[in-house]
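Thanks for making time this morning. I would like to walk you through one protein slowly, so please keep the picture in view while I talk.

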Amino acid sequence: MKRVLTIGVLGGAVFLSSCAGMTDQQQRATTGTAIGAGAGALIGAISGNAGTGALIGAGVGLATGLVVDHQQQQQQQAYERGVQTGKQQAQQPK
């Protein structure tokens, strides 16, 4: 048990350190995939097939991560448009 815990902690550290050079989109997709795979493995283990559960969970997690990334990009673009509009309105004579 102690060995499995050590391997899990080291694997998690390697996983987190590998995100340092990624774009936001890559980080969200990877995080979604990892969370989905973990959740799928747990659900699959309960139902009898952890491998299949992990694969399905990874796919769902990846899709969810990409949807979240798309929403974040939309929010950032809306914010930037608002900033530009505010700057233009501030420059107009009154």
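This is a predicted model: local features need pLDDT of at least 70, side-chain atom pairs count only at pLDDT 80 or more; totals for chains, interfaces and linings use all residues.

The protein contains three helices and zero strands, and read from the N terminus the order of elements is simply α-α-α. Of the 94 residues, 13% are buried, while the protein exposes about 7200 Å², with carbon and sulfur atoms supplying 64% of that area. If we take the contacts between residues at least 6 apart in sequence, 47% of them join residues at least 24 apart.

Let us move to helix α2, which covers residues 24–47 and therefore has 24 residues; from its first C-alpha to its last it reaches 34 Å, close to the 34 Å expected at 1.5 Å a residue. Which residues of α2 are buried? They are Ala 29, Gly 32, Gly 36, Gly 40 and Gly 44, and what covers the buried residues of this helix includes α3, residues 50–91. Just after α2 comes Gly 48, which takes a positive phi of about 120°.

Now to a residue in helix α3, namely Asp 69. Is Asp 69 buried or exposed? Its relative accessible area is 2%, and because anything under 20% counts as buried, Asp 69 is buried. If we leave aside the neighbours within four places in sequence, Asp 69 is in contact with Asp 24, Gln 25 and Arg 28.

How values were computed. Residues are numbered from 1 along each chain as its sequence is written. Side-chain values use heavy atoms; hydrogens and water are left out. Helices (H or I, at least four residues) and strands (E, at least two) are DSSP runs, numbered from the N terminus. Buried means under 20% relative accessible area, exposed over 50%, partly exposed in between (1.4 Å probe, protein chains only). Contact means heavy atoms within 4.5 Å. Accessible areas come from the Shrake-Rupley method with a 1.4 Å probe; for residues, only the protein chains shown count as cover.
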